Amino acid sequence: ELKDELLAAVALVALTSIDMRLSPSSKLVCSDASNTAEAAVAADIPRELTAEFQRHALQKGLWARLLQPGAAYMREKSLLEEDEELPQGCYESHPLWQEAART
């Protein structure tokens, strides 16, 4: 017991002197996935821009929570009407992402 506790303490010592506030990366990575495919792209951008993108990023799991399981199945089979895919029939993306997609 004591040996396990000491090993855990030794392993955690390194975390006590690490600044967990990392600076933003200069590489922007965007990914998307569905039930049938995955995609990802990367681009080099200024670190300041990465920090701004992080402030406006979608929270993980947002899209997974939008459709109930039955509706998700119907969408996968192309049986769900387009206006039923999003809550109240719409979702407005942040203007930052709209501009980034255009350029």
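## A buried threonine

Leaving aside neighbours within four places in sequence, Thr50 is in contact with Pro24, Ser25, Ser26 and Ile45. Contact here means heavy atoms within 4.5 Å. Thr50 lies in helix α2. With a relative accessible area of 5%, Thr50 is buried. The term buried stands for under 20% relative accessible area, exposed for over 50%, and partly exposed for what is in between (1.4 Å probe, protein chains only).

## The model and its confidence

This is a predicted model, in which local features need pLDDT of at least 70 and side-chain atom pairs count only at pLDDT 80 or more, while totals for chains, interfaces and linings use all residues. Residues are numbered from 1 along each chain as its sequence is written, and side-chain values use heavy atoms, with hydrogens and water left out.

The pLDDT is the predictor's confidence in each residue, from 0 to 100. Its average over the protein is 78, and 82% of the residues score at least 70. Among the elements of the protein, β2 has the highest mean pLDDT (90), and helix α3 (residues 62–66) has the lowest (58).

## Overall layout

The protein has five helices and two strands. Helices (H or I, at least four residues) and strands (E, at least two) are DSSP runs, numbered from the N terminus. Along the sequence, the elements follow the pattern α-β-β-α-α-α-α.

Of the 103 residues, 6% count as buried. The protein exposes about 9100 Å², and carbon and sulfur atoms supply 57% of that area. Accessible areas come from the Shrake-Rupley method with a 1.4 Å probe; for residues, only the protein chains shown count as cover. Among contacts with a separation of 6 or more, 35% are between residues 24 or more positions apart.

## The strand pair

How do strands β1 and β2 pair? Strand β1 (residues 27–33) and strand β2 (residues 38–44) run in the antiparallel sense and are paired over seven bridges. Two strands count as a pair if DSSP finds at least two bridges between them. The link from β1 to β2 is a hairpin of four residues.

Two of the bridge partners can be found in the structure above. Cys30 has Val41 in β2 as its bridge partner, and Ala33 has Glu38 in β2. In a regular strand the side chains alternate between the two faces of the sheet. The number of buried residues among the seven of β2 is zero, so β2 lies largely in the open.

## Salt bridges

Side chains of opposite charge can pair when their charged atoms come close. A salt bridge is a side-chain nitrogen of Lys or Arg within 4 Å of a carboxyl oxygen of Asp or Glu. By this rule there are two salt bridges.

One of them joins the side chains of Asp44 and Lys27, at 3.1 Å from N to O. Asp44 is in strand β2 and Lys27 in strand β1, so this pair ties together parts that are 17 residues apart in sequence. Asp44 is exposed, with a relative accessible area of 60%, and Lys27 is partly exposed at 39%.

A salt bridge also joins the side chains of Arg55 and Glu52, at 3.0 Å from N to O. These residues are three apart in helix α2 (residues 47–55), and so Arg55 and Glu52 are separated by about one helical turn. Arg55 is exposed, with a relative accessible area of 60%, while Glu52 is partly exposed at 30%.

Which residues form a nonpolar patch on the surface? Tyr73, Met74 and Leu79 do, and together they have about 320 Å² of accessible area. Patches are made of residues with over 30% relative accessible area and no salt bridge; like charges are joined within 9 Å, and nonpolar side chains (Val, Leu, Ile, Met, Phe, Trp, Tyr) within 5 Å.

Leu79 is placed in the loop between α4 (69–76) and α5 (95–102). Its relative accessible area of 55% makes Leu79 exposed. Ser78 lies in the loop between α4 and α5, and is exposed at 66% relative accessibility. The phi of Ser78 is near 60°, a positive value in a residue other than glycine.
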